[in-house]
Amino acid sequence: MTSVSRINRLTPYMFLAPAVVLLVVALLYPIGYMIYASFLDWRPSQYIGEAEFVGLRNYINLWNDEAFRESFGVTLKFAAVVVTLEMFIGVGLALLLDRNLRGMAALRTIFILPMMIAPIVVGLMWRYMYHPTVGIFNRTLKDWGFEPIPWLSDGTWSFVAVIIADVWQWTPFIFILSLAALQSLPQSALEAAEIDGATDWQKVWHIKLPLMMPVLIVALLLRLIDAFKVLEVILVMTNGGPGLSTEILSLRIYRTAQEFQELGVAAAMSNYLLILLIILTTIMFLYNKGAENRAERLRAAAQEA
Amino acid sequence: MSASSHKASGPAFYALMVCLIIMAIGPIMLMLATSFKTNIDVNDVNVSALFFTPTISNYETVLCNVLWYEPAGDNYCDPTFGRALGNSIFIALVSTAITLVVGCMAAYALVRFRFMGRGVVSMTTLMMRMVPPAVLLVPVFGIWTFQFGLDGTYSGIILVYVAMNLPFVIWILQSFIVQVPIQLEEAARMDGANPLQVFFLVVLPIIKPGLAAAAIFTFRIAWNEFLLGNALSGRSTRTVPVTIVNSITEYDIDWGVIMATGMLLAIPPVIFTFVASKQIITGMTAGAVKG
């Protein structure tokens, strides 16, 4: 009997062990290693033991480095703009198309495509479309008698260009999640509103959106996290340029490590990025708790009515 | 805007849907079209974007060293792509298989058992999801090269991809395992099945749709990943995304050939999308949308 209960007690650990070992060896340990490396002046040709310990120098230099600060700003601006646009367009389209339309299944399937294709390829497609002479946009502009747009050679336009590409790729994600949320709303609440003579706007504002809120916040959180992971699309389209106009942090980390071979500096940058992400997700997480409670109360009220 | 959600809707909504479909697949169609275009036609503004004399020469150039015949007329053959395609397939398949097995076991433990450290493991896994791959670049390069001696090997890349995908797979599978009726498991245990048998013979068959979704997401990331693959792969273990980036130069791009390469890289995800869109959507919404 004792051996059986011991087996039972050990069972969860047995199931968990491979995953924990892999996560510790290949994720947690590297993150610890990165924190250590961020205090070093380290080149890829050296063993980490041979690298000179420089304390907080990398962090302080970065803090005072205007280019790094600009890149930090570009990252925040990029994430804020794409996530806002994607949320508004995605949720808006879902509210608009949440009716029994034939062909909805086809639309959803096709909407998955941009998300499934490799970011590298997405970058290639858009770089081709933005081509100054043979790209589809400038060709069309020319056919219609307009001036061509310097899509990838002008700072402002190239920022717009990478945002359009990201919005194209990821708005469907918000759309699909919002649609699923809408379809799982309690019908009773909507019917009660109908009887009370609520207009479509009132239904959206006072019932649909508040009830969808928990899902929307999760969607927002996932998109926000992913917006900081974007790298390949921009690498292929602009390589951060022209100037620093599209050089988001992950791209700067990549270039600092790969091109400039300054691993310690790249590690310190990674740490800044990680700290930023932790702060953002904590705020979102706390906010989500509040929204969940509100939606729960609303659901309960609807049930009573 | 006055139609309620259950009335049949006017043509305006269908027009909107058609617009959205065109916007979603337009860029992909353009890539497909360009992959059948000669370089001369690509650079000629007078040749239409979609109507031209198609040629398969770009694909012949890309696949030159795995073709069973000698492509006509072409003189230059870059032998890297065939190799890279093989590497990509091998790395993506093996890492997906390992991630799934390890991930569903862990998800099962987190859902079905109460044990010491459960909260910590669960929370850490969730936090790991937000780590951007770029953050792993420096440490993974350093550790894999200097401590594990895994740089340039298949196992090195596979190890990273498994670790990168695990948090996501555990998270997504948890929401499927929760839905398995616990009575089934108890009945199996009554019949004398041990925990492993219960897991493999009772639980796994029920969560097949979840496994399919998790498999597709994992495969997609391993198949598409560039950054860490680039840092870790050697000459002989390079994957397709790495070869694509290496072949892009600042000014002169052979658009036809590169679009053909892009199409070849896009084919497996596109096939998955059409075969398993239902599972993909379920997987995407699982966890975010609670019924």
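**Note on the predicted two-chain model**

1. N239(A) sits in the loop between helix 10 (232-237) and helix 11 (249-258) of chain A; helices (H or I, at least four residues) and strands (E, at least two) are DSSP runs, numbered from the N terminus. Phi of N239(A) is near 55°, a positive value in a residue other than glycine. Most residues other than glycine have a negative phi. N239(A) counts as partly exposed because it has 16 C-beta neighbours inside 10 Å. The scale is as follows: a residue is buried if 20 or more other C-beta atoms lie within 10 Å of its own, exposed if 12 or fewer, and partly exposed in between, with C-beta atoms placed from the backbone.

2. On provenance and numbering: this is a predicted model, in which local features need pLDDT of at least 70 and side-chain atom pairs count only at pLDDT 80 or more, while totals for chains, interfaces and linings use all residues. Residues are numbered from 1 along each chain as its sequence is written, and chains are lettered from A and ligands numbered from 1 in the order in which they are written.

3. Confidence. The predictor gives the complex an ipTM of 0.88 and a pTM of 0.89. Chain B has a mean pLDDT of 85 (pLDDT is the predictor's confidence in each residue, from 0 to 100), and 92% of its residues reach 70 or more. Residues 1-8 of chain B should be read with this in mind: pLDDT stays under 50 there, and the model has 7 contacts for them beyond four places in sequence. Here two residues are in contact if their C-beta atoms, placed from the backbone, lie within 7 Å.

4. Q261(A), which is not a glycine, has a phi of about 60°. Q261(A) belongs to the loop between helix 11 and helix 12 (263-304) of chain A. With 13 other C-beta atoms within 10 Å, Q261(A) is partly exposed.

5. An exposed tryptophan. W144(A) is in the loop between helix 6 (136-143) and helix 7 (155-183) of chain A. W144(A) is exposed because 7 other C-beta atoms lie within 10 Å. G123(A) is 21 residues from W144(A) along the chain, and their C-alpha atoms are separated by 26 Å.

6. Helix 9 of chain A against helix 3. Helix 3 (residues 66-97) and helix 9 (residues 200-227) of chain A pack at an angle of about 140°, with their axes 10 Å apart. Axes are lines fitted to C-alpha atoms, for helices over the stretch in contact, and angles run from 0 to 180 degrees between N-to-C directions. The crossing is right-handed; a crossing is left-handed if the near helix is turned anticlockwise from the far one by less than a right angle, and right-handed if clockwise. Among the residues that meet are F78(A), V82(A), E86(A) and L95(A) from helix 3 of chain A, and V204(A), K208(A), L216(A) and R223(A) from helix 9 of chain A. By class, this contact has 12 nonpolar, no polar and 3 charged residues. Ala, Val, Leu, Ile, Met, Phe, Trp, Tyr, Cys and Pro count as nonpolar, Asp, Glu, Lys and Arg as charged, and the others, Gly among them, as polar.

7. Helix 9 of chain A against helix 7. The angle between helix 7 and helix 9 of chain A is about 150°, and their axes are 9 Å apart. This crossing is right-handed. Helix 7 of chain A contributes residues including W170(A), F173(A) and L177(A), and helix 9 of chain A contributes residues including K208(A), M212(A), L216(A) and R223(A). The contact divides into 10 nonpolar, 1 polar and 2 charged residues.

8. Chain B. There are 13 helices and 0 strands in chain B. Its C-alpha atoms fill a box of roughly 70 × 65 × 35 Å along the principal axes. Of the 291 residues in chain B, 43% are buried. Among contacts in chain B with a separation of 6 or more, 73% join residues 24 or more positions apart.

9. Interface. In chain B, 78 residues are in contact with 75 residues of chain A. Helix 13 of chain B gives the most to this side of chain B, with 15 residues. The residues of that side divide into 62 nonpolar, 14 polar and 2 charged.

10. Core. The largest nonpolar core has 170 residues, of which A106(B), Y108(B), L137(B), V160(B) and L173(B) touch the most other members. A nonpolar core is a set of buried Ala, Val, Leu, Ile, Met, Phe, Trp, Tyr and Cys residues joined through C-beta atoms within 7 Å. Helix 7 of chain B supplies the largest share of this core, 17 residues. Beyond its neighbours within four places in sequence, V160(B) is in contact with A26(A), V140(B), L228(B) and L232(B).
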